[in-house]
Amino acid sequence: MQALRRSMLFMPGNSPRMLQDAAILGADSIILDLEDAVSLTEKDSARILVREAIKTIDYSAVEVVVRVNPLDTEFGAPDIEVIARVRPNTLLIPKANEEEIRLVDKTLTKIEAEEGFPSGGIKIIALIETALGLENVYNVIKASPRTVGVLLGGEDLTADLGIERTKEGEEIFYARNKVATVCRALKVDAIDTPFTDTNDHEGLKKDTARGKGLGLTGKAAINPRQIETIHSVFAPTQNELKWALRILEAMEEAEKEGQGVFSLDGKMIDAPVINRARRIVDQGVRLGLISGEGGAK
Amino acid sequence: MKITKVAKAGTLESNDILIMVSPKDQGIIELDLESIVMQQFGEVIKQVILHKVQEMGVEGVSIKAQDRGALDCTIAARVETALNRAI
Amino acid sequence: MKNLLGREIPDYIDGYGQVKPFQGSFSNCGVKTRSAVKLTSVLPNDQKVLSSLDDLFDKLKITDGMTLSFHHHLRNGDYVLNMVMEKLAARGLKGLTVAASSIFPIHAPLVKHMETGVVTGLITNYLSGPVAEAVSRGRLPKPVIMQTHGGRARAIESGNLKIDVAFLAAPTADTYGNINGVYGKSACGSLGYAVADAEYANITVAITDHLVPYPANPIEISQVYVDYVVKIDSIGDPQGIVSGTTKITKDPVALIIAKRAAQLIKASGLVREGMSFQTGAGGTSLAVAAELKKIMQDEEVVGSFASGGITGYLVEMLEEGLFRSLLDVQCFDLKAVESYRDNLSHQFMSASMYGNPHTKGAVVNNLDIMILGATEIDLDFNVNVTTGSSGVIMGGSGGHSDTAAGSKLAIVVTNLMKARLPIIRDKVLTITTPGESIDAVVTERGIAVNPRRLDLLEQLSRTQLPLMTIEELKQLAEKITGIPKPIETLEEIVAVIEYRDGTVIDVVRKVKM
């Protein structure tokens with residue numbers, strides 16, 4: 001079963017204390033950050049610390065993602081070279097464009113062969129935070145079969161666009177739409193940009209719901225206190241679960257009776273609706289809201 | 001591997017360790033450890049540090065370590081960083 | 001001899017006397033007596049006010065070997081204990097015993113008096129700072145007696161602890177000895193820990209920096225117990241007495257622990273109309289109150305009382321209607337002091353009413369839920385809050401054992417590891433509170449329920465809470481930290497840990513250093 005990525009929590013890569021506790025903070029994924037959270041003079045230190053942490057700390061309960069430095073800096077290549085060898089689940093590639101993703105893919109394939117890891121095992125999430133990256137996001141994802149998702153970086157993107165970043169987020173409406181649509185088309189996760197006011201839980205809730213409403217499937221967090229709110233927005237509601245279970249039951253009935261098309265409450269149920277119901281039930285099962293056999297707990 | 005200059009790595013924050021290394025004559029390895037968990041883990045910490053020094057093939061070094069309750073993986077990482085910086 | 005918890009304790013300890021071993025939380029109960037008090041009648045024209053400590057000690061004949069008592073409501077801002085001891089040292093007194101309900105870093109000058117033989121005995125419920133260090137190094141000829149808040153009141157009332165002179169720091173006093181803690185520049189609110197001292201000491205002296213005309217309403221401690229009133233410039237430093245505000249922690253790990261603890265409380269079925277609750281003022285403990293508040297609001301439940309040391313956060317809960325009342329032995333911040341002064345639903349309780357096991361019922365007996373801390377906890381759920389990681393004394397029971405024994409659900413909330421030290425050990429270095437009164441341990445990585453509480457285990461197994469055995473929890477921590485080398489101690493006993501009923505639950509031995 002594929003890992004859920006409702007929340008992806010950024011953790012500074014040079015803080016032993018944070019690395020120690022990262023797995024128990026409730027996030028689906030943790031992003032051990034070698035980029036923005038680490039000063040230029042500590043890049044070497046953080047790289048080694050994160051490598052040792054992944055080697056020894058039990059992160060089995062979460063997806064371990066490492067944000068390496070951009071490949072056009074002196075730190076990017078050594079980050080991948082060192083980190084890939086301890087086999088994180090995923091690398092988060094900043095300022096992603098097509099060529100870079102291709103290059104990362106090639107490097108990972110080489111390292112996996114050298115280390116005897118299964119080929120293609122280490123996944124990629126592309127951090128889309130430039131206008132070019134956004135417009136080319138379809139090709140960025142297609143650049144490597146390792147790509148399992150896109151993370152939208154609202155701060156850098158708006159800076160690149162030369163526009164103001166606001167709490168309401170009108171300015172990233174298009175970016176969210178674009179990322180959500182392309183990700184859905186290519187069946188990868190679409191992760192929303194973090195909400196930066198860590199004390200405003202109502203604001204976070206609204207912002208998360210806005211992203212979910214546009215089709216984003218998860219959200220990055222910059223503080224552990226944001227996780228619960230994010231999960232509450234992304235969790236299917238009891239009504240959604242009930243609806244989805246009824247659809248699937250009706251479908252089974254219809255199949256038994258050999259009907260291709262069927263209706264429920266007078267409405268025609270077609271493939272997209274069935275797919276949506278499946279996704280909701282699947283998520284409900286993974287969150288323990290319903291049992292695997294169906295039926296609310 | 002030859003240590004040619006003074007270097008440090010790590011911090012004095014909780015769960016971290018601050019390592020300072022400086023050159024010494026060939027064959028001399030000096031270690032001065034201070035730790036808030038000296039009684040419980042002093043020996044283990046020394047072993048982790050010396051093991052890393054050996055693993056990296058360092059032949060003469062003086063190490064001053066101030067530990068704030070770091071785990072072994074943190075200690076190894078900080079020693080490695082400090083030694084790399086001191087080459 | 002071994003006590004019930006398997007601790008090796010001599011039958012007789014020099015400087016302490018015959019040992020009554022701990023036999024179980026409620027084994028030493030039944031018919032008890034209170035001690036009679038000797039007093040000198042005060043006649044109509046007698047005056048109680050004196051203008052200095054020198055005048056007092058000219059009048060009051062303190063002799064070598066006496067026991068002097070102090071309360072700790074001024075906490076780390078207290079000037080009174082140091083001033084009194086300084087005067088007595090200057091007068092050449094020796095062999096005194098200090099019975100202070102708690103000792104803080106501000107009491108560092110006591111170390112000097114211990115070294116010069118002015119003070120040879122110490123009886124307290126909580127010991128921190130330089131005095132704790134000095135005691136642990138064996139600087140006191142007699143072992144310190146460490147009691148609980150309820151146990152101290154019991155010892156005084158039963159006559160086990162005989163006080164020759166009680167010195168009561170009084171934020172407000174009148175000329176005839178009525179005292180309150182709610183007015184004056186050193187206001188500290190409730191004076192719950194001073195009551196037994198005032199009532200049972202041979203001589204009771206109020207020391208105040210705010211002398212008011214008679215009567216000093218509201219009267220917390222009555223004139224009928226007070227022999228003298230001494231007016232001085234300042235009894236304490238307001239900065240050290242109460243903090244401005246008490247804030248809930250933002251530490252993510254502490255918040256996870258708090259949330260789990262609140263979920264456990266909910267699953268236990270104790271969130272119900274009329275529920276009662278107590279928690280400490282520490283970061284994680286207070287966060288539990290915040291999480292519990294959300295649950296109480298969701299379930300539309302109104303509690304009967306919250307008790308103990310009171311913080312502004314509990315005052316807010318009272319004002320928001322989550323509890324009908326507060327029972328207050330000590331105020332932790334200004335907001336609590338103001339509420340205690342102005343709100344009739346915020347009531348006083350003495351240390352005896354709070355936790356004395358030998359009364360006709362202490363408040364702790366009515367407590368549903370108690371949130372506790374721990375420095376160490378062992379596989380039998382025994383808790384240490386007395387000695388720190390190096391074996392040095394750095395705390396004490398306070399109300400820990402009293403509330404654990406009385407409450408229906410006593411939960412220890414703690415990080416599984418502090419710095420590199422795992423909190424769960426095979427055996428704790430010092431037993432402060434017996435495992436039989438601890439029901440569950442909640443950490444960020446898992447919850448362990450005391451196997452004595454099969455009912456609770458059954459309730460929790462229906463939830464998604466991460467239940468483990470305490471052994472599993474210990475192994476989980478040691479996998480991360482490694483196994484710590486045990487602290488080595490010498491034979492010499494530096495402290496005797498009395499359980500609330502006066503039996504000896506453990507001793508602290510001198511550490512090698």
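**A friendly tour of a predicted model**

Q: Is A:Asp265 buried or exposed, and why?
A: In this predicted model, A:Asp265 has 8 C-beta neighbours inside 10 Å. A residue needs 12 or fewer such neighbours to count as exposed. With 8 of them, A:Asp265 is therefore exposed.

Q: Where in chain A does A:Asp265 lie, and what is its phi?
A: Look for strand S9 (262–264) and strand S10 (267–269) of chain A; A:Asp265 lies in the loop between them. Most residues other than glycine have a negative phi. A:Asp265 has a positive phi, near 50°.

Q: Which loop of chain C holds C:Glu300, and is C:Glu300 buried or exposed?
A: C:Glu300 is found in the loop between helix H9 (283–299) and strand S15 (303–310) of chain C. Phi of C:Glu300 is positive, near 50°, in a residue other than glycine. Because C:Glu300 has 7 C-beta neighbours inside 10 Å, its class is exposed.

Q: What is omega for the peptide bond from C:Tyr214 to C:Pro215, and what is omega for the bond that joins C:Asn217 and C:Pro218?
A: Let's stay in chain C. C:Pro215 lies in the loop between strand S12 (211–212) and strand S13 (228–231), and C:Pro218 is found in the loop between S12 and S13 as well. Most peptide bonds are trans. The bond from C:Tyr214 to C:Pro215 is cis, with omega near -5°, and the bond between C:Asn217 and C:Pro218 is cis, with omega about -10°.

Q: Which residues of helix H3 of chain A are buried?
A: Helix H3 of chain A covers residues 76–83. In H3 of chain A the buried residues are A:Gly76, A:Asp79, A:Ile80 and A:Ile83.

Q: Why do the buried residues of H3(A) line one face of the helix?
A: An α-helix has 3.6 residues a turn, so residues three or four places apart point the same way. Seen down the axis of H3(A), the buried residues line one face of the helix because they fall within an arc of 95°.

Q: What covers the buried residues of H3(A)?
A: Both helices and strands of chain A take part. The cover includes helix H2 (43–56), strand S3 (63–67), strand S4 (90–93) and helix H4 (98–115).

Q: Which element gives the most to the side of chain A that touches chain B?
A: Here 12 residues of chain A are in contact with 14 residues of chain B. Helix H1 (16–21) and H2 of chain A are the elements that give two or more residues to the chain A side. The one that gives the most, with eight residues, is H2(A).

Q: How many residues of chain A are in contact with chain C?
A: On the chain C side of this contact there are seven residues. Those on the chain A side divide into three nonpolar, one polar and two charged. The number of chain A residues in contact is six.

Q: How do helix H9 and helix H10 of chain A pack, and how far apart are their axes?
A: H9(A) passes H10(A) in a right-handed crossing. Among the residues making the contact are A:Leu204 and A:Ala209 of H9(A) and A:Ile230 and A:Phe234 of H10(A). The helices pack at an angle of about 35°, and their axes are 9 Å apart.

Technical notes: Residues numbered from 1 in each chain as written. Chains lettered and ligands numbered in written order. Predicted model: local features only at pLDDT ≥ 70, side-chain atom pairs only at ≥ 80, totals over all residues. Buried ≥ 20, exposed ≤ 12 C-beta atoms within 10 Å, placed from the backbone. Helix = DSSP H or I, 4+ residues; strand = E, 2+ residues; numbered from the N terminus. Arc of directions from axis to C-beta. Contact = placed C-beta atoms within 7 Å. Axes fitted to C-alpha atoms, helices over the stretch in contact; angles between N-to-C directions. Left-handed = near helix turned anticlockwise from the far one by under 90°. Nonpolar A, V, L, I, M, F, W, Y, C, P; charged D, E, K, R; others polar.
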